[in-house]
Amino acid sequence: MKIALVLSQIASPQQMCLAAALRLRDAGHAIHVFVPESGRDLLGHSDLSHSFIADPAITAFNALLPKPRGRRSLASRRARAGQAIAQFGVDAFGDELRELGPDLVLVDAELAAHAIMAVGAGYPTALLASMYQSPPGLQAPPLHYRQSPGVVLRGSKAAVGLAWGYYLVRKHAVHLRNALRDWGADHPSALAALERREGTRIGRHHWVWQMPFNLRLPMLLMVPGALDLPANLREDQAFVGPLILKHRPPQSFDPAALKRFSSGRVRVLLAFGTMLRTQEHLLQAVIETARAQPDWEVLGLVRQADTITDLPANVTLLPWAPQRLVLKQADVAIIHAGVASVLECVEAGVPMLLYPQVNDQEGNAARVAFHGLGRIGQPADTADTIARHIRELSTSAEVAQRLAAMRASFEASTDDRTLEHAVEALARTGTLP
């Protein structure tokens with residue numbers, strides 16, 4: 001079977017989609033990947049057939065064109081929507097798909113325009129989501145909230161329901177504002193214009209967390225169901241994760257740093273991903289924690305590593321190191337709760353101290369705390385507080401047992417070939433098994 005995957009330019013979803021591609025290739029399918037230039041090294045390292053595409057427009061609340069001038073009319077709105085289509089960078093994509101002739105197209109869920117083009121070209125199409133997508137309900141809050149079910153007042157059903165109500169009202173108000181402000185150059189209007197141009201119409205799921213909506217297409221969630229909060233998925237959704245990219249292009253780093261890290265009595269990894277700059281207060285608090293515990297070792301993977309001076313001997317800061325390799329040595333990981341890092345910590349059995357900052361990090365942190373795999377810190381935590389968290393997490397038999405059970409569930413999901421079965425059903429029937 002020939003399968004096309006369409007990736008965004010964001011590092012974590014790229015890696016998860018690529019892990020899916022490699023799994024499907026190993027299952028005997030012919031894989032072709034469409035990827036922005038940011039994925040060049042990943043694709044070259046993986047030796048997959050691929051083509052490059054322009055960086056997709058994924059910031060769904062930014063206008064696609066400058067502010068309109070002159071008199072507004074329905075005709076001018078329709079004209080602007082047609083002009084805005086060019087910003088999606090998909091004009092040649094339909095022809096590229098027809099040349100490839102895939103049996104199935106899998107598209108990053110953020111790339112609605114590419115999914116529309118795939119459907120318009122006549123190919124079975126499904127979405128790949130790198131985030132949890134719990135529908136509105138009374139147990140799992142919107143993904144940018146850190147509420148956990150059953151946790152005092154904030155985790156009550158009433159509080160979760162109010163969070164959804166507030167979020168959905170605000171979301172739809174912003175949609176309306178953008179439709180009036182951008183006058184045809186907002187994403188929903190431009191996507192509707194693209195559908196008219198391509199002669200297709202896909203329904204929308206508006207009552208969801210993702211903005212501005214989900215297309216009514218089958219969605220494969222590249223995250224594990226075992227880690228989710230209690231919630232019922234829609235019929236067109238299925239968990240196929242965890243998808244962790246195990247082999248990545250090597251980069252230069254000092255191997256002596258890893259050797260030094262492994263010598264600590266307590267080994268703490270500090271890692272905040274590729275998109276965010278580590279909060280200065282938090283970074284300094286962790287450094288002071290290590291300064292007061294000279295027999296601990298801290299290895300920090302932070303973007304501003306080269307700018308930090310006056311470090312104690314037991315703290316090493318690097319802009320990059322192989323995180324999965326470091327986790328094999330770690331006793332505790334301090335992370336921002338990006339989904340890829342959470343999955344890698346569970347894979348390595350490492351307790352997590354979480355300091356989420358934006359968007360899905362809050363919901364991922366809530367899931368880690370709900371399942372007892374770590375705890376959520378506070379932005380103003382002092383060095384003493386962080387040290388206490390580290391001691392308790394690194395010595396907790398209960399946390400270790402919960403991590404082992406979650407890791408076993410991850411392995412069982414992979415052994416059950418949920419991804420492979422879902423993809424084969426989609427290609428055969430257009431629906432999930």
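The largest cavity in this structure holds about 190 Å³ of space. A cavity here is a set of points, on a 1 Å grid over the protein atoms alone, where a 1.4 Å probe fits but cannot get out. Points are joined across faces, edges and corners, and a volume is the space filled by probe spheres set on them.

Two remarks on the source. This is a predicted model, where local features need pLDDT of at least 70 and side-chain atom pairs count only at pLDDT 80 or more, while totals for chains, interfaces and linings use all residues. Residues are numbered from 1 along each chain as its sequence is written, and side-chain values use heavy atoms, with hydrogens and water left out.

Back to the largest cavity. Its lining has 20 residues, and Glu110, Leu111, Ala112, Ala113 and Leu191 lie nearest the centre; a lining residue has an atom within 4 Å of a point. The elements giving two or more residues to this lining are α5 (112–120), α7 (187–198) and β7 (214–215). Helices (H or I, at least four residues) and strands (E, at least two) are DSSP runs, numbered from the N terminus. The largest share, 3 residues, comes from α5. By class, this lining has 15 nonpolar, 4 polar and 1 charged residues. Nonpolar covers Ala, Val, Leu, Ile, Met, Phe, Trp, Tyr, Cys and Pro; charged covers Asp, Glu, Lys and Arg; the others, Gly among them, are polar.

How many cavities of 30 Å³ or more are there? The count is 5.

The second largest cavity has a volume of about 50 Å³. Its lining includes Ser12, Gln15, Ile244, Arg248 and Glu344, and α1 and α11 each give two or more residues to it. The classes are 6 nonpolar, 2 polar and 2 charged.

Now the second largest pocket, at about 580 Å³. A pocket is an open set with protein on both sides within 12 Å along at least five of seven lines. Of its 22 lining residues, Ile244, Lys246, Arg324, Glu347 and Thr414 are closest to the centre. The elements with two or more residues in the lining are α1 (11–26), α10 (323–327), α11 and α14 (397–415). The lining divides into 10 nonpolar, 2 polar and 10 charged residues. Ile244 also lines the second largest cavity.

Last, helix α12 (residues 360–370). Of its 11 residues, 9 are buried, meaning under 20% relative accessible area with a 1.4 Å probe, protein chains only. Among them are Asp360, Glu362 and Arg367. What covers the buried residues includes α11 (339–348), β14 (352–354) and β15 (374–376). Just after α12, Gly372 takes a positive phi of about 70 degrees.

How values were computed
Buried < 20%, exposed > 50% of the residue type's maximum accessible area, 1.4 Å probe, protein only. Contact = heavy atoms within 4.5 Å.
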